[in-house]
Amino acid sequence: MFLIVGLGNPGEEYEHTRHNAGFDSLDLVAEEVGARYWKTECGALTAKGVWRDHDVVLAKPQSYMNTSGGPVKQLMNAYGVKADHLIVIHDELDIDPGTIRVKFGGGHAGHNGLRSICDKLGTRDWFRVRCGIGRPPGRMPVVDWVLGRPKKEQADDFAQVTHLASQAALGLVTDGLEKTQQRFN
């Protein structure tokens with residue numbers, strides 16, 4: 001069993017913002033795995049599905065980005081999922097918009113959601129699907145950029161990055177890290 005977590009913030013005001021790339025990507029994963037029923041458990045919205053004979057639990061922590069680690073740890077405990085079967089989809093400032101990178105382990109690069117997960121799990125060794133959102137233009141504060149909704153050509157990049165991230169997460173389930181990196185990195 002794999003736990004696929006999309007990071008984001010709950011609430012209408014955050015829907016489809018750059019910071020919610022994980023939530024939007026997870027919605028696409030849900031379509032692919034036939035997950036239609038979402039319920040609240042362990043501080044997250046969860047749904048179950050199957051991808052090529054692998055059971056998957058999808059989760060959107062509802063505790064806001066910077067405290068995502070609590071629900072993730074609770075879900076891992078509830079389902080008996082080990083860190084090497086955790087896949088986290090999140091936004092990434094240091095990757096060009098419309099592109100993704102897949103990796104196993106690493107730091108949090110100042111991302112509060114990743115920091116929270118690292119702290120709660122006591123390990124950094126889990127899969128990450130990093131959705132490129134790029135850096136803000138000019139002197140725009142980072143918080144305004146990540147909490148903004150992409151417009152025009154940026155919206156096309158955002159749609160592409162969430163699609164690629166959903167496919168990469170599913171690739172990790174069936175093909176493993178190396179093949180998924182060869183395909184998407």
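Biologist: Which residues of H2 are buried?
Modeller: This is a predicted model. In it, the buried residues of H2 are Gly 69, Gly 70, Pro 71, Val 72, Leu 75 and Met 76.

Biologist: What covers them?
Modeller: The cover includes strands S1, S2 (39-41), S3, S4 and S5. Helix H3 (112-121) is also part of it.

Biologist: And what follows H2?
Modeller: Gly 80 does. Its phi is positive, near 70°.

Biologist: Switching to the core. How many residues does the largest nonpolar core have?
Modeller: That core has 28 residues. Ile 4, Leu 58, Ile 87 and Val 129 have the most contacts inside it.

Biologist: Which gives the most?
Modeller: H5, with nine residues.

Biologist: What does Ile 87 touch?
Modeller: Leave out residues up to four places away in sequence.

Biologist: What about a second core? Which residues does it include?
Modeller: The second core is separate and has 19 residues. Among them are Ala 44, Met 76, Leu 114 and Cys 118.

Biologist: What is Thr 162 in contact with?
Modeller: Ala 21, Asp 24, Ser 25 and Leu 28, leaving aside neighbours within four places in sequence.

Biologist: New topic, aromatics. How many pairs?
Modeller: The count comes to two aromatic pairs. One is Tyr 14 with Tyr 64. Their ring centres are 6.1 Å apart and their planes are at 80°, so this pair is edge-to-face.

Biologist: Where do those two tyrosines sit?
Modeller: In distant parts of the chain, 50 residues apart. Tyr 14 is in the loop between S1 and H1. Tyr 64 is in the loop between S4 and helix H2 (69-79). Tyr 64 is partly exposed, with a relative accessible area of 37%.

Biologist: And the pair of Phe 104 and Phe 127, what are its numbers?
Modeller: The ring centres are 4.9 Å apart and the planes are at 65°, so the pair is edge-to-face. Phe 104 lies in S6 and Phe 127 in S7, so the pair ties together parts 23 residues apart in sequence.

Biologist: Phe 127, buried or exposed?
Modeller: Phe 127 counts as buried, at 11% relative accessibility. Phe 104 is partly exposed, at 34%.

Biologist: Which rings does Lys 60 lie over?
Modeller: Its charged end sits over the ring of Trp 38, 4.8 Å from the centre. Lys 60 also lies over the face of Phe 23, at 5.7 Å from the ring centre.

Biologist: Last thing. How much space lies in the largest pocket?
Modeller: About 290 Å³.

Biologist: Which residues lie nearest its centre?
Modeller: His 19, Leu 93, Gly 110, His 111 and Asn 112, out of 17 lining residues. S5, H3 and helix H4 (142-146) each supply at least two residues of the lining.

Terms used: Residues numbered from 1 in each chain as written. Predicted model: local features only at pLDDT ≥ 70, side-chain atom pairs only at ≥ 80, totals over all residues. Heavy atoms only, no water. Core = buried A, V, L, I, M, F, W, Y, C linked by side-chain atoms within 4.5 Å. Buried < 20%, exposed > 50% of the residue type's maximum accessible area, 1.4 Å probe, protein only. Helix = DSSP H or I, 4+ residues; strand = E, 2+ residues; numbered from the N terminus. Contact = heavy atoms within 4.5 Å. Phe/Tyr/Trp six-rings, centres within 6.5 Å; stacked < 30°, edge-to-face > 60°. Lys NZ or Arg CZ within 6 Å of the ring centre and 35° of its normal. 1 Å grid on protein atoms, 1.4 Å probe; cavity = no way out; pocket = protein on both sides within 12 Å on 5 of 7 lines; lining within 4 Å. Points joined across faces, edges and corners; volume = space filled by probe spheres on them.
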